Amino acid sequence: MKLKSLALSLILVSTLGHTQLSKPARPIPMLFSSTEVAQALKAIGLRTRTNIIYAGKSKIEISLNATVATPHEAIMAIVSAAGLSYRKVGDLYIVAPSTELRRALEPYAVRAHLTPQVGQASDYAPRLQNALPYATVEVTGNEITLLAIMEDVERAREIIDKYDEQEAKSRATTDVVILRQGKASVVAPLVSGLYPTLKVTPSTNDKGVGAIALVGPLDQVRAARSTTEGLDSSMANDAIVFKTYNLKYTSGPVVTDFLKQAAPSVEAFIGPEPYIPNRALFNPVSATLSTGDSGDGFFGGGSGSGNGNGASGIGSAQGNAGGQQGIQTPVRPGDRAKMVVLKGPVTDVDAAIKLLADIDRKPKQVMVEVNVVETSPLNDSNIGLQYNWAPFDFIEAPAGWIVDPNPGGTAFTRAPTRPVGVGQFSRVPWNFRTILNAMVTRKEAKILAKPSVYVVDNGQASVFIGDTIRARLVTSGALGAQNVTIQSFPVGIILLISPRVNADGNITMHVNPVVSTVTSLDADGIPNTSAREAETTTIVKNGETVVIGGLIRDEDIKTVQEVPFLSKLPFVGELFKNRRRVHQRNDIIVTITPHLIDDESPEGSKG
């Protein structure tokens with residue numbers, strides 16, 4: 001019987017599956033006369049497809065005659081007529097007497113833990129219970145546990161926040177701000193001037209860490225804390241920091257010299273250079289058996305240097321036909337370093353790093369095409385009579401001794417000596433030969449060379465076309481010792497080029513061509529050279545050709561061989577002469593065409 005009455009007290013007046021409310025197409029008329037509340041709610045639920053739970057234990061009859069527009073108004077009219085209460089959870093209406101509604105809502109309630117920020121939970125709990133009569137409020141320490149539907153939980157949070165705000169205004173609070181960069185003695189007066197109602201106290205510990213204590217109303221303390229942190233952050237810009245910058249295309253010494261002028265407040269230190277093991281030396285056992293000094297290395301090599309304009313060497317062509325070592329730039333300490341360390345205020349260091357990133361850019365490249373044309377027409381005429389004879393000489397040897405009657409040439413063959421009738425002496429056979437020369441030789445040569453070199457902006461490039469002649473130099477040392485060195489002499493065409501790419505795309509080039517030849521060898525075997533040189537600086541457009549000509553060497557050598565006395569005779573004297581003339585003209589034409597390399601294009605094509 002008890003179970004039956006409980007079942008009657010819990011009446012589900014509509015199918016719970018219908019969770020979607022539908023707006024009726026017309027007003028809802030209600031006409032109840034001495035009708036139980038459960039039956040009235042059931043009728044409204046079926047009519048409007050609304051989910052309603054009645055949790056009352058007693059039977060209450062109502063009489064009602066009204067027309068409403070919505071299901072909500074219908075439920076409110078029935079609940080008001082019966083003196084009941086209701087709460088809506090989602091799309092479900094729960095109706096029960098006021099004393100029983102809290103228990104009826106428990107299956108649909110959630111448990112929430114709320115902590116006051118300023119006041120005490122024990123002070124807030126009675127206020128929450130009065131404001132939320134259908135919620136269960138419990139206190140554990142300074143935490144409030146709330147068992148209520150979600151709507152009451154949100155309402156409880158709003159109430160607690162409001163109580164905290166009122167509590168904060170009614171009493172003072174204390175907060176401590178730790179300073180990371182600024183000094184407490186400097187920051188505290190600034191904060192105190194901005195918030196005169198607060199008590200601002202600076203402090204510093206043994207480690208130099210500063211802090212500021214703020215005492216006053218909570219809202220002002222929070223605002224003062226935000227201001228203090230902002231002041232501390234701004235003072236961090238004056239702190240000394242260390243930062244590194246990775247070099248891309250420039251060198252460490254160049255950066256340090258530049259920052260001394262551009263950013264005096266920033267110190268720049270060159271980073272460590274990569275470690276490179278010592279060079280391996282080739283030192284075979286046979287090297288210890290050498291009796292002389294053959295140069296700087298085991299295989300010899302030149303040890304001289306010139307002081308000309310980049311192409312100087314040692315020889316009689318002093319200064320222009322030597323080695324190309326003159327264009328090399330000496331390596332300074334730190335050139336191989338790949339980073340620099342910057343020290344200074346953080347704002348200045350950041351500005352210096354940004355500046356370096358802007359100027360440390362990849363330099364432009366120039367491809368230089370060089371055409372070297374050498375024309376050497378030669379006219380060689382050899383006309384006349386050439387006389388050869390063996391020397392008439394006596395030797396201390398028996399007749400028949402085989403000798404070379406002309407040791408210095410090949411005109412005569414070996415022959416036996418002739419007797420002279422005096423002891424063991426004999427004489428060399430005397431021979432005479434005349435050669436008629438009537439030879440004219442014409443030769444014209446054309447040599448074409450077409451090298452190409454790549455060089456970076458403001459860099460230096462060299463082109464050498466020719467031979468390297470080596471001579472052995474012997475000098476006297478201490479105690480009569482002899483020092484032997486092997487000296488190298490580059491002979492041929494040397495072209496030195498240094499381009500600069502201008503902002504408008506034109507190219508300024510410094511060009512220095514040198515043409516050298518060997519004219520003779522002295523008694524020690526050292527070559528004597530002659531040189532032709534031009535030097536100019538010009539501005540050309542990308543792809544424009546510069547022509548350098550006039551490097552001409554004209555030789556006209558006349559040689560006359562004659563027989564003494566006989567060649568002076570009139571008319572017939574020409575029969576005892578041999579004339580030879582060699583005329584050689586050497587002309588060098590150099591064309592230089594620079595092309596600006598476009599590194600941005602995927603092919604890296606030249607401009």
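Isoleucine 144 is buried, its relative accessible area being 0%, where buried denotes under 20% relative accessible area, exposed over 50%, and partly exposed in between (1.4 Å probe, protein chains only). This residue is placed in strand 9 (residues 143–148); helices (H or I, at least four residues) and strands (E, at least two) are DSSP runs, numbered from the N terminus. The structure is a predicted model, in which local features need pLDDT of at least 70 and side-chain atom pairs count only at pLDDT 80 or more, whereas totals for chains, interfaces and linings use all residues. Residues are numbered from 1 along each chain as its sequence is written, and side-chain values use heavy atoms, with hydrogens and water left out.

Not counting residues up to four places away in sequence, isoleucine 144 touches Ala112, His113, Leu114, Ala121, Tyr124, Ala125, Leu128, Val137, Glu138 and Ile160, a contact being defined by heavy atoms within 4.5 Å. One of these residues, leucine 128, is 16 residues from isoleucine 144 in sequence, and the two C-alpha atoms are 9.7 Å apart in space.

For the protein chain as a whole, 10 helices and 30 strands were assigned, and buried residues account for 33% of the 607 residues. Of the contacts between residues at least 6 apart in sequence, 67% join residues at least 24 apart. The accessible surface of the chain comes to about 37,000 Å², with 53% of it belonging to carbon and sulfur atoms; accessible areas come from the Shrake-Rupley method with a 1.4 Å probe, and for residues only the protein chains shown count as cover.

Helix 3 comprises the 12 residues 71–82 and reaches 17 Å from its first C-alpha to its last, close to the 16 Å expected at 1.5 Å a residue, the expected span being 1.5 Å times one less than the number of residues. Its buried residues are Pro71, Ala74, Ile75, Ile78, Val79 and Ala82. Seen down the axis of helix 3, these buried residues fall within an arc of 125 degrees, so they line one face of the helix; the arc is that of the directions from the helix axis to the C-beta atoms. In general, an α-helix has 3.6 residues a turn, so residues three or four places apart point the same way. The buried residues of helix 3 pack against strand 2 (28–36), helix 2 (37–48), strand 3 (51–54), strand 4 (61–68), strand 5 (85–89) and strand 6 (92–96).

Just after helix 3, glycine 83 adopts a positive phi of about 70 degrees. Strand 5 and strand 6 run antiparallel and are joined by five bridges, two strands being taken to pair if DSSP finds at least two bridges between them. These two strands form a hairpin with two residues between them, and glycine 90 in the turn has a positive phi of about 70 degrees. Within this pairing, tyrosine 86 stands opposite valine 95 in strand 6.

In strand 2, which is among the elements packed against helix 3, lies threonine 35, a residue that counts as buried at 18% relative accessibility. Apart from residues up to four places away in sequence, threonine 35 touches Ala40, Ile60, Glu61 and Ile62.

Most residues other than glycine have a negative phi. Arginine 49, although not a glycine, has a positive phi of about 55 degrees; arginine 49 is found in the loop between helix 2 and strand 3 and is partly exposed, with a relative accessible area of 42%. Asparagine 458 likewise has a positive phi, near 65 degrees, and is placed in the loop between strand 23 (452–456) and strand 24 (461–476), where its relative accessible area of 49% makes it partly exposed.

Serine 251, in the loop between strand 13 (240–246) and helix 9 (252–262), is buried, with a relative accessible area of 13%. Beyond its neighbours up to four places away in sequence, serine 251 touches Arg332 and Asp335, and its side chain makes a polar contact with the side chain of aspartate 335 at 3.5 Å. A polar contact is here a pair of N or O atoms within 3.5 Å; within protein, one must be able to donate a hydrogen and the other to accept it, and residues adjacent in sequence count only if both atoms are side-chain atoms.

Aspartate 335 is also among the contacts of glutamate 273, which, leaving aside neighbours within four places in sequence, include Pro333, Gly334, Arg336 and Ala337 as well. Glutamate 273 is found in the loop between strand 14 (267–270) and strand 15 (339–345) and is partly exposed, with a relative accessible area of 36%. Glutamate 273 and proline 333 are 60 residues apart in sequence and 8.9 Å apart in space, C-alpha to C-alpha.
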